[in-house]
Amino acid sequence: MPTFREAVEAKDAAAIEALLADDVVFTSPVAFKPYQGKAITAAILRGVLRVFEDFRYVREIHDGAHHVYEFEATVDGLEINGCDLLTFDTDGKITDFKVMVRPLRAAEALAARMGAQFEAIKADALG
């Protein structure tokens, strides 16, 4: 099975989903409440794969179960910089997935793009 970074860089949505724990909690940079569960988290991440352009990881830091992946991408022509903060369980599954992004204009563009497809994301999660 590929690592999380390998799965994301390959845009392999199935491999990313396979790394998620059933009870994963996803904290979005643009939503007030976290999302709970593998289905909705996987659907959101598939949406992100569609929205980000020129996505690349530029740094990786890990300390046991905790991993930070710094990334750069483009959203609607705006450069975005962010971090995926992940916690893995003893089985190698992601139990906590938090995303933080900057600058504000790029975060707003991300929010607008993700918001525009959120009904499709919810439908995708329901399978």
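Me: Which residues does glutamate 60 touch, not counting residues up to four places away in sequence?
Reply: Touching here is a contact, meaning heavy atoms within 4.5 Å. Glutamate 60 touches Arg5, Val68 and Tyr69 on that count. Do keep in mind that this is a predicted model, where local features need pLDDT of at least 70, side-chain atom pairs count only at pLDDT 80 or more, and totals for chains, interfaces and linings use all residues. Residues are numbered from 1 along each chain as its sequence is written, and side-chain values use heavy atoms, with hydrogens and water left out.

Me: What joins the side chains of glutamate 60 and arginine 5?
Reply: A polar contact (a pair of N or O atoms within 3.5 Å; within protein, one able to donate a hydrogen and the other to accept it, with residues adjacent in sequence counting only if both atoms are side-chain atoms). For glutamate 60 and arginine 5 it is 3.1 Å. The two residues are 55 apart in sequence, yet their C-alpha atoms lie 9.0 Å apart in space.

Me: Where does glutamate 60 lie, and how exposed is it?
Reply: Look in strand S3, residues 53-63; strands (E, at least two residues) and helices (H or I, at least four) are DSSP runs numbered from the N terminus. Glutamate 60 has a relative accessible area of 32%, so it is partly exposed, that is, between buried (under 20%) and exposed (over 50%), with a 1.4 Å probe and protein chains only.

Me: And which residues does arginine 46 touch, with the sequence limit of four places?
Reply: Arginine 46, in helix H3 (residues 38-51), touches Ala13, Glu17 and Asp124, not counting residues up to four places away in sequence. With aspartate 124, the side chain of arginine 46 makes a polar contact of 2.8 Å.
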